[in-house]
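Me: I would like to go through the side-chain packing and the charged pairs of this structure. Could we take them in turn?

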Amino acid sequence: RIARDLYLRTIGVIRSAEQSGRLGAALTNLAHSMTLNAATRRQLVTALTYTAAVLAATFLALVLVLTLVVPQFEPIFAGQEDRLPNLTRGVLALSQAVTSNGLAILGGLLGLPILVIALFRSRMGAEFVQRYRHRVPGLGLRDQYLAAQFTGIFGTLIANGVTAIRALPLAREALSSPRWKRHITDVEQQLREGRMLSASLGSSDLVPMTAVRLIEVGERSSKLAETCLHASQIMGEAARARIDRIVSLANPIAIVVLGGVVAMLVAGVMLGIFALGDFAG
């Protein structure tokens, strides 16, 4: 996918730059834009990789405790279930469920992300995302990143002599989101009907209003390329700042979650032992 995006952007810019005689400047702008996009992508991958690693570690610790540690205490609690604390009974029930149906639970956990992705890619999922996009965690950040990517590619193409009508399809094909592709297609149609680019982009809330206003200023001042690149820089920096905050909070949150899960399981076992000791006394 990355190689395809690189090909589309490079071919579009080089063709237009050759016609305008500004190949050197075009390649410089393209390299700068691609460097910023690559940096943002690396930050996203780092944040997602760390989150996935924490989830995997938490899941592994949970499975080990439930399948190896808790079953060792089940004979001690046999026949005394009614007297045990609720937390202990919950831990025992969870241990039995994991031990008896571990493969089914693992299959369900592995299949859940696939099901969610398929649902979001369906028409019903697309409508849901469009309606509740502000409430879906992480979607706003992804849209901000895609907005920076689109305006950067579009501005680079415009700066090298490509018309807006020709630049929109090239920028659209470099995006991975079906929602964004549909929106850019609508923008292209509205532009052919004589509507201003800024008004067409603002017809959906995918593009931040700040970027729409900057593009409107660029249209009216005949500096569309400069304002698009400036908007891309602003949104890219904002996206990277949000990613930095997420990464900085990931460490303490991961430690708290992992420690809390293991502590809950251990506390359930220990409370059961203390309760049996009280009953015996």
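Predicted model: local features only at pLDDT ≥ 70, side-chain atom pairs only at ≥ 80, totals over all residues.

Me: Which residue forms a salt bridge with R220?
Reply: That residue is E216, and the closest N and O atoms of the pair are 3.3 Å apart. Both residues belong to helix α11, where a spacing of 4 residues puts about one helical turn between them.

Me: What about R213: which residue does it pair with?
Reply: R213 also forms a salt bridge with E216, with 3.2 Å between the closest N and O atoms. Here the two residues are 3 residues apart in helix α11, again about one helical turn. R213 is partly exposed, at a relative accessible area of 48%.

Me: How many salt bridges does the structure hold?
Reply: There are 4. One of them joins the side chains of E188 and R192, at 3.1 Å from N to O.

Me: Where do E188 and R192 lie?
Reply: Both are in helix α9, 4 residues apart, which is about one turn of that helix.

Me: Which residues are linked with R192 in a network?
Reply: R172 and E188 are linked with R192 in a network of salt bridges.

Me: Let us change topic. How many residues does the largest nonpolar core have?
Reply: It has 31 residues. Those with the most contacts inside this core are F150, F154, L168, W180, I184, L197 and L201.

Me: And which helices supply at least two residues each?
Reply: They are α7 (139–159), α8 (164–173), α9 (178–192), α10 (197–201), α11 (209–221) and α12 (224–280). Helix α7 gives the most, with 9 residues.

Me: Take L168. What is it in contact with, leaving aside its neighbours within four places in sequence?
Reply: L168 is in contact with F150, F154, I184, V187, E188, L191 and L197. E188 in that list is the residue whose side chain meets R192 in a salt bridge.

Definitions and conventions:
Residues numbered from 1 in each chain as written. Heavy atoms only, no water. Core = buried A, V, L, I, M, F, W, Y, C linked by side-chain atoms within 4.5 Å. Buried < 20%, exposed > 50% of the residue type's maximum accessible area, 1.4 Å probe, protein only. Contact = heavy atoms within 4.5 Å.
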